Amino acid sequence: MELMVSLGLGAVTACAVYLLLRARTFPMVLGLSLLSSAANVFIFSMGRLRSGIPPIVNSETTGYADPLPQALVLTAIVIGFGMTGFIMALAVRARYQTGSDHVDGMEPAANRTPADES
Amino acid sequence: MNHLLAVPIILPAVMAALLLILHRAPIAAARVVSVGATGCLLGVAFAIFAQAGPSAPLVYALGNWPAPFGIVLVADRLSALMLTLTALLGLVVALYAAQGWDAKGRFFHPLFLFQLMGLNGAFLTGDLFNLFVFFEVLLIASYCLTLQGLGRERLRATLHYAALNIAASSVFLIAVSLLYGVTGTLNMAHLAERIARVPAEDIALVRAAGLLLLGVFGVKAALFPLHFWLPAAYSSAPAPVAALFSIMTKIGIYAIIRLKTLVYGIDAGAVMDLTTPWLLPCALVTLSFATIGAFGADRLAIMAAYLTMASTGTILSTVALGGAAALSAALYYLAHSTVVIAVLFLSADLIGRSRGDMGDALHPGPQIRHAGWLGLAFLFGGATVAGLPPLSGFLGKVLVLQSTQEGSAAAPMWTVVLVTSVLTLIACTRAGSIVLWNVTEPLPGRPAHPLRRGELIAFTILVACSLMLVVFAAPLLRYFDETAADLISPTPYIDAVLGSSRDGVIKPYAGVSGD
Amino acid sequence: MTLLIIILLPFFAGAAGTLMAQRRGFSAAAWAAAVPTAASLALLAGEVPEILTGEHIIVSWPWLPSVGLNLSLRLDGLSLLFGLLILGIGLLVILYTRYYLSPEDRIGRLYALLMLFTTAMLGIVFSENALLLLMFWELTSLSSFLLIGFWTHSPLARQGARMAFAVTGGGGLALLGGLLLIGNIAGSFELSAWFAARDAIRNHPQFNIALALILLGAFTKSAQFPFHFWLPAAMAAPTPVSAFLHSATMVKAGVFLLARLYPLLGGNLVFEYVTTTVGLTTMVFGAYVAMFRHDLKGLLAYSTISHLGLIMFLLGLDTPMSSLAAVFHVGNHATFKASLFMAAGIIDHECGTRDMRRLGGLWRQMPQTAALAIVAASAMAGVPLFNGFLSKEMFFAEALDLHGIPLLESIAPAAVTLGSMFSVAYSVRFIHDVFFDQPHDLPHQPHKPPRYMKIPAEVLAVVCIAVGVLPSYTVAPLVDVAARAVVGDSLPFYRIALWHGFSLPMVMSIVALAGGSGIYWLLRNRYDVHLHVPARYTGRLLFQHAYDGSVALAGRCMNRLQNGSLQRYLALSIAAFIGLGAWPFIQHGFQTGRLAPMPVGPLGLVVWGIAMIGALGMVWSHRTRVVAVILAGVVGLVASITFAYFSAPDLSLTQLAVEVVTTVVLLMALARLPQATPRESTTHRIVRDAALAVIAGAGVALLSWAVLTREQDSIAWYFLENSVPGGGGHNVVNVLLVDFRGFDTFGEIIVLGMAAIGVWLVLAGMRVEWPAILPKPEANGIMFAAAARLLLPFALLVAVSMFLRGHDLPGGGFLAGLIVSLALLMQYMGEGLHPILTRVRIDFLVLIGAGVLLAGLTGLAGMMAGRPFLTSANGDLHIPFLGDLPLASAVAFDLGVFMAVLGTALLTLTALGQARRKSPEAEEGRPWN
């Protein structure tokens, strides 16, 4: 099970990184959001994997999964959500303003002058 | 119970929340709140500065949960120093922005206050994950502030800035949780102890986490090759925001210092100095790269942005060489550069504004109003940043060189620092003589913006600070030496945070509540 | 104390005074400058008797002991001589300036800068602490930069100023390096300490580096070959400035430095070789070039370079008498060169040109000027009865007995004679071309210079003669103490006199005079010097090319490296992170833990397969974006299931809710973006990215694998034990969120709120079409709207229960917030821009603010009770029919979270969904600056 989780995590990360490196804003943002979910699962896995013992204190069981990483993941999920929404909107506005959804705000065809750079 | 430590975080947060609720109120009210709050923050910062000095670090257990379980705020000399710098800069920026910049964007003041909250929180927190949260606070605030007023360049710059930093945040999460996974704790002081005792087979993991963190902080500090977002973002940001950002790179530097001296600070042999093979070369490259950038810049703001990076390079290369003297020199340089970079950004703004369409481009342009004063302002900034005596830059450079002349790294260090100083000197004289001397038309056709009083006050405060760094250099240096000494031997800090007895804090976690 | 006053008086009294006085007219400004200078001069004169007795004064105040920087000053023969020169000539220059400047010039500024310079220069000569000396040193560079650039409208002035600053300032930094090294060796920066530790310093391995750096500083400052070119370029400065800085004072700083450090450096072979060689070269070179300059000031500049070389040469030599000659010539050169510059200035002022090809025959119009120019020029040429002659002859004498310098020994005598011939030649040219030859085309008829303009030059001319005729009654004692300050008391018996009897130096003088005149005759009649065009590749041109070239190059490099391509930035950053993460494993190797893995369940396999397919499918089909979004949702779903499976119900629910909202957000955004991604990546780039992606993925997989197979030690037990007693909740995760680590959550909701504000900021004023993917409000039927309306109350109910039970069972404020906003979103999609929403849209901000505020205040409540921020209190609240409801103060905190989340979600969604409304913020869409 652990192995599978690790592999899945790796696969998702790889896809996230690949998308992150695309030239258009939308895939880039998808990559970012995928990357943050990968990070979340990673955090979660740092508390080791235990099935069937949720950390909800009750009289019957004394066995609980590690609650701390879960709390961290919750925080991370929320922040990740906020960031994704923000950069998505940013991408939309950039497209609106520059007419291109290229991550550099201009179609590669348009030959650049040094003034656009830096 | 000393609540002082919580104020720098809660005060701006609450004020910002109020401003959001009252966002329909006239901006004058927001200005009053903003300036007032920053004023209070400065007072509080001084109070903490005064208290953190003599005694052991101040510790504040949030929610009354003891460390390492709960989140604690810790103020040692370093944190106090950073808080003070932030508050100073905050006040200056609030004053400056209140002269009209803030009206051009939306929600400037709440965002600005949240930004301050994020900075203060990052400087105060003693918990690594909480540090992440505050990084996010100050980042999202800085995105919004950079965006103020929108425009093509800003959008593009912010998109790049945000993309790189959001990606870096994911790495931050991975590194922090990795540390938790291996050591089972998140409190930095506690981490230091755990890492010192890490079993041999876990060393690689712990070091990997540490180096990833170094990278993450390197992004914030604009350390080569993670700096790419900075020049565009800083040079396109509104001037007051850019001025505020001169502390933003310092947060990365602060975190790196903490990482190096606290979290990986106890030399237990197992984990040898984490940063050694990486930090010095990267920092020197950063310094050279940035200086070349400043040298070839075609706008004052871009020059200032690259000089921000250059200061990072200088400070971190000094930090990398370790040793109390070097650390103390680095801290002096940190304080100096924070102030002078702000001076540069503000003067670039004032000059650019009074040159009409030419802006702050380094091309011959119209005669500017108040050429005398603005010239003096730029001369001051340029001379300081280029390290001309008797200004703070000179002292900083002397300290850096003095503290690094032993050892094998001395030769490259000295060469780079001296050569880049010459280049910076030339770059500043070039910029100044083009913008202020090489005048095409007598006066701009359109009425140039007048200098507003608040802007002058803000500017004067900065200049005064820069001068005080020289006049009161002796006591300041004493403070920095003590700070460096604290950092070199973190045990008192750790004891202050964790208390004397630490047995049973960590338990083998078998998924059952131990009792 | 007196010393300090002497140094600071000119600047602190003078600069302020002149700036204030300038609107009262030139004379007022001149007085404001002259009085402090005179005062300083008087104070210094007061010290003369004591110093003449061979005493020296050292005073010191600690400034930065830790750095070694002390405010320590030294007054001995050397500094006295220089101090008198600076202040004396400074005074004359002030008078001269008042008549030189034209009415439109800002005289106050010039005077203020001159005062600054005077103070800096005095600081150099009186410093006892090396760092202090350096500070003043760089200050002279700065003030000279501003002085040369005084006429900012002239490109030559700007260029000259930049060039001078680049060379001298750069040299200053080299000097800084050298001084720091020696200071480190000696453990102090006090010069006397250095002299005491002479041998220890000179035997230190780093000494030669230090020496090189110091010489670099001295040579650049004193315009030695090949750094000489800045000095001619600096002639664009107003003539008074040239007379002061570039003849008498600043250029002497380099010489002074070496004289000052002579006790430390003198006699060192490297020092001797380098200095003498460079000096001799510079002397001959400068003199040669000077003959061909047409501009008066250009001629004087090169002559200055040549004379500085002469002094350097003398300083380099290891004999006491040479140092004496050097010091003596410093004084002589200062006097005659300053007066010559003033003369040149007068000529320029009266004739409107300084070009010797146009000037001529001026002795008729201005006989007095001619007379004093002749005096000064003869001194420059080394004619007997003038002061230049005396030191020149000593110089010859020294050049004749160079013992132990193999090569130089044989060359020197010839070289110095040749150099002197040249200097005679250009001196003759100066006089003949300007005053006697026929005028060629004067811009306007020259008129008499104002009376007082001539006085300074006259005074100096008188000095030249007085010293020349009666050396022993005028400067001899001063020169003597100065020399003793340099070489110590090893000075043999000597006598400065006009007539030493018929000696070889005498012969050389005669040869030089005769030969020089001869050379000029040749230049004039055989090779018509007036037609000479200066060589193209002067150091100045080279420097200028290098300067512009490197600026352009730097710009190009930056555009190449910092090319504004996010893809490159990301790729490099990711590569860097991979390197950082991999490094330790390269060092220490990779070890998996010993923990036995869990068995794999069938469900697990299926879910895992879905995840893989989803992720890879995303990459495969990311060009058709809608599909990609759906698949992203699938991956999120898998994450949610994973959480559920591994006993994290809270995470599972939250992930689910977030995934839904995220998907909606992405779809709404997609509606305003192209629906497909073009194929544009080159194969090379795809391979590169894929490689990076695979490595990064592998890294993450390995990291998690390594940890998952290890035993766990943790602080987590504490939370399980204290959740109920301390936090008053059974759901430990929720208690962690709102209590143990409530501070994280506090920050988190602020991030969330700001993100929403950011979204709103960014999208404000965009006029966009209604999203194609979302059903058009008009279009979608009653059913949808009705369903949405029906759903709302249920959703609200669920949310409430989620919220209330959150503390004990999976749920909580965040979840509740998301559910409500989803329900409202449905409503909103059902009925389009619902009037309520449009009206209250902006007030989601208030909701966010209120949420944050509430959370904050809950925390503050703890403070009221004297406990730290966010300290919780809890108890049971009895509600009829529902039974006991455990209620923690943290619930209020959670309510804050709820509000913030609700506000955020709705603000984001409506901002993204807002339609064709011409919004008042549209104007803000445009950039402003």
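This is a predicted model: local features need pLDDT of at least 70, side-chain atom pairs count only at pLDDT 80 or more; totals for chains, interfaces and linings use all residues.
pLDDT is the predictor's confidence in each residue, on a scale from 0 to 100. Among the elements of chain C, the highest mean pLDDT, 92, belongs to helix α9 (residues 207-221) of chain C, and the lowest, 49, to helix α34 (residues 835-840) of chain C. Over the whole of chain C the mean pLDDT is 82, with 91% of the residues at 70 or more. Two stretches of chain C call for some care in reading. In residues 769-780 of chain C, pLDDT stays under 50, and the model has 23 contacts for this stretch beyond four places in sequence. In residues 915-929 of chain C, pLDDT also stays under 50, with 37 contacts beyond four places in sequence. For the complex, the predictor gives a pTM of 0.91 and an ipTM of 0.93.

The contact between chain C and chain B comes next. Chain B contributes 129 residues to this contact and chain C contributes 117 residues. The size of an interface is often given as the accessible area lost when the parts come together. For chain C and chain B, the buried area is about 11,200 Å², and 75% of it lies on carbon and sulfur atoms. Polar contacts are present too, with 12 residue pairs counted between chain C and chain B, both residues being at pLDDT 80 or more. On the side of chain C that touches chain B, helix α24 (residues 566-588) of chain C supplies the largest share, 15 residues. By class, this side of chain C, the one touching chain B, consists of 69 nonpolar, 31 polar and 17 charged residues.

Charged pairs also cross this interface. Side chains of opposite charge can pair when their charged atoms come close. Two salt bridges are found across the interface of chain C and chain B. A salt bridge joins the side chains of C:Arg710 and B:Asp202, with an N to O distance of 2.6 Å.

About 8,500 Å² is buried between chain C and chain A, 77% of it on carbon and sulfur atoms. Between these chains, C and A, there are 17 residue pairs in polar contact, with both residues at pLDDT 80 or more.

In one of the pairs, C:Asp689 bridges to A:Arg22, and their closest N and O atoms are 2.2 Å apart. Over all chains, the structure holds 24 salt bridges. The pair of C:Asp689 and A:Arg22 runs between chains, from helix α28 of chain C to the loop between α1 (2-20) and α2 (25-45) of chain A.

Within chain C, strand β1 (residues 57-64) and strand β2 (residues 69-75) pair in the antiparallel sense over seven bridges. C:Leu75 in β2(C) is the bridge partner of C:Ile57. The hairpin of β1(C) and β2(C) has four residues between the strands, and C:Gly68 takes a positive phi near 95° there.

In chain B, the peptide bond from B:Phe224 to B:Pro225 is cis, with omega near 0°. B:Pro225 sits in the loop between α9 (203-221) and α10 (230-236) of chain B. The peptide bond from B:Pro389 to B:Pro390 is also cis, again with omega near 0°. B:Pro390 belongs to the loop between α16 (371-385) and α17 (392-403) of chain B. In chain A, A:Arg48 is a residue other than glycine with a positive phi, near 65°. A:Arg48 is placed in the loop between α2 and α3 (67-98) of chain A.

Notes. Residues are numbered from 1 along each chain as its sequence is written. Chains are lettered from A and ligands numbered from 1 in the order in which they are written. Side-chain values use heavy atoms; hydrogens and water are left out. Contact means heavy atoms within 4.5 Å. Buried area is the accessible area (1.4 Å probe) that two parts lose on being put together, summed over both. A salt bridge is a side-chain nitrogen of Lys or Arg within 4 Å of a carboxyl oxygen of Asp or Glu. A polar contact is a pair of N or O atoms within 3.5 Å; within protein, one must be able to donate a hydrogen and the other to accept it, and residues adjacent in sequence count only if both atoms are side-chain atoms. Ala, Val, Leu, Ile, Met, Phe, Trp, Tyr, Cys and Pro count as nonpolar, Asp, Glu, Lys and Arg as charged, and the others, Gly among them, as polar. Two strands pair if DSSP finds at least two bridges between them.
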